[in-house]
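Subject: Structure handover

Hello,

Here is the structure I promised. Please have it open while you read the notes below.

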Amino acid sequence: RLLFGPEPAMKIRIAFMGFRHGHIFSVLKLAQERKDTEVVAACEEHAATRAALLRDKCAPITHDDYRRMLDEVPRDVVAVGDAYGRRGAAILEALRRGKHVISDKPICTSLHEIDAIRHLALQGNLSVGCQLDLRDEPKPLALRQLIRDGRLGDVHAITFNGQHPLNYGSRPDWYFEPGMHGGTLNDIAIHAIDMIPWVTGRRFVRIDAARNWNARLKQAPHFQDGAQVMLTMDNNAGVLGEVSYLVPDSFSYSMPPYWRVTTWGSGGMAEFSLTTPDLLLFRDGAKKAEVVPLPPSVPGGYFDSFLREIHGEKA
């Protein structure tokens, strides 16, 4: 019982499962730095990865068995960063035990897993967060405000390009094991599929066409390094996406098609790329493009949103 002042809020206890993709280290860093979160355990079941993490002191590994960690360590959240094909099972195990989950994308690689995750999350009133950070960048933030202010009018069409270098030979070996990657649309396009409804205030109602295929990586003919998609939104706007692993490796992430988004509306067109400096607005009736002012980025915005939802606040 306290004699003076309000009772301090309890920290959110986070246990980590898997570090086989580097994105999860962003969540680890955020969880270690915030005052309202606490890292209580970390598991890596893959022996070689675990040995490297311990050697390099990259993560505070406490367990080599996931279920044993869940049995032994009280926690509120499980953060999942294992190989893609292993994530669905890890998330489902956490949800069955009544715990919230945050994961790197993709959260799973099969439709039956996503259906089961949705069912358990709704049944248990649990949050499932994802490291979708494109909406935390200044240009998507500015595009959202531009559309919400009516400066583009009604949105009619959007194209997005998120091509990546494959960097075969330096990516983890599990990427190219059958059944572990889950397809390039699932891997990359999810960033835009998350961002576009948030930017426009519309929702997707139909997948018109989608294709994953093996375009160039003949060493792994099952690996789908090509990916394109056509979608329709609830106002009949059309969306085209190209997210293949076809960028020349030597250019890395520097080429203009790295998250280039073009939006056509009744009032004009807007375009940005993460590799160019500006968001440009081509307003109908004007002769010169406008440079739209950019807000600051929101580092870790996805994590903050996830924690707010856990606390019952608007995320």
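Contact here means heavy atoms within 4.5 Å. Among contacts between residues at least 6 apart in sequence, 66% join residues at least 24 apart. Please keep in mind that this is a predicted model.

Overall build first. The protein has eight helices and 13 strands. Its radius of gyration is 21 Å, close to the 20 Å that the globule rule gives for 315 residues, so the protein is as compact as a globular protein of that length. The C-alpha trace spans about 65 × 60 × 35 Å along its principal axes.

Next, the surface. The protein exposes about 15700 Å², and carbon and sulfur atoms supply 52% of that area. There are 38 positive and 38 negative charges, and their mean positions lie 2 Å apart.

Now the inside. Of the 315 residues, 47% count as buried. The largest nonpolar core has 42 residues. Leu143, Phe160, Met195, Ile196, Phe223 and Val243 touch the most other members. Several elements each supply at least two residues of this core, among them helix 6 (138–148), strand 6 (155–162) and strand 10 (258–265). Helix 7 gives the largest share, eight residues.

Take a look at Val243. Leaving aside neighbours within four places in sequence, Val243 is in contact with residues including Phe160, Thr184, Leu185, Ile188, Ala227 and Trp259.

Best wishes

Key. Residues numbered from 1 in each chain as written. Predicted model: local features only at pLDDT ≥ 70, side-chain atom pairs only at ≥ 80, totals over all residues. Heavy atoms only, no water. Helix = DSSP H or I, 4+ residues; strand = E, 2+ residues; numbered from the N terminus. Rg over C-alpha atoms; globule rule 2.2 N^0.38 Å. Buried < 20%, exposed > 50% of the residue type's maximum accessible area, 1.4 Å probe, protein only. Areas by Shrake-Rupley, 256 points an atom, 1.4 Å probe, with all protein chains shown as cover. Lys, Arg positive; Asp, Glu negative; His and termini not counted. Charge placed at Lys NZ, Arg CZ, Asp CG, Glu CD. Core = buried A, V, L, I, M, F, W, Y, C linked by side-chain atoms within 4.5 Å.
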